[in-house]
Amino acid sequence: MLELFLYFLLILVPILALAALVIKAPTHIGMKVLALGIAAGLLAASYLAGTALLGQPKPARLALLESASDEVVVVASLNVEGKAIYLWLILPQTNSPRAYSLPWSQKTAEALRQAQVQAENNGTEVRE
């Protein structure tokens, strides 16, 4: 949730700076009101867009970019044939799982399933 707040701040600062410039500019009051209305609308839209993205899975290649290590723990997976492989991963520097997706691949789905069966038989977890 902290990430959402930081991204929101990255959008907030330039919008407020532009709104302040318009307010200080020697223009008609109607233009100033319009600029403030647009700024408020952009802020609301950016916050709503960010919160809508919270539950959506990220592409799995981002897990490697976000992680300093190549190893992640696979908590769960869901294969949707022809569409995607959805993963719930725990990255090394985090304690909570995050949702990711891989493009559909029969070979990848089978390899993941074999790793899950092997981990279950060994009483361990799947590490990829």
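Predicted model: local features only at pLDDT ≥ 70, side-chain atom pairs only at ≥ 80, totals over all residues.
**Exercise 1.** Determine which element gives the most to the largest nonpolar core.

*Solution.* First, take the membership: the core has 13 residues, and those touching the most other members are V74, I85, L87, L89, Y100, L112 and V126. Second, assign the contributions: at least two residues come from each of β3 (84-90) and α4 (106-122). Third, identify the leading contributor, which is α4 with four residues. A further core of six residues lies apart from this one, and its members include F8, I15, A19 and L43. As background, nonpolar side chains in soluble globular proteins tend to be buried together.

**Exercise 2.** Classify L42 as buried, partly exposed or exposed, and name the surface patch to which L42 belongs.

*Solution.* Locate the residue first: L42 is part of helix α2, residues 29-53. Then apply the cut-offs, under 20% relative accessible area for buried and over 50% for exposed. The relative accessibility of L42 is 46%, and L42 therefore counts as partly exposed. Finally, turn to the surface: L42 forms a nonpolar patch there with M31, L34 and I38, and together these residues have about 400 Å² of accessible area.

Note on methods: Residues numbered from 1 in each chain as written. Heavy atoms only, no water. Core = buried A, V, L, I, M, F, W, Y, C linked by side-chain atoms within 4.5 Å. Buried < 20%, exposed > 50% of the residue type's maximum accessible area, 1.4 Å probe, protein only. Patch = residues over 30% accessible without salt bridge, like charges linked within 9 Å, V, L, I, M, F, W, Y side chains within 5 Å. Areas by Shrake-Rupley, 256 points an atom, 1.4 Å probe, with all protein chains shown as cover. Salt bridge = Lys/Arg side-chain N within 4 Å of Asp/Glu carboxyl O.
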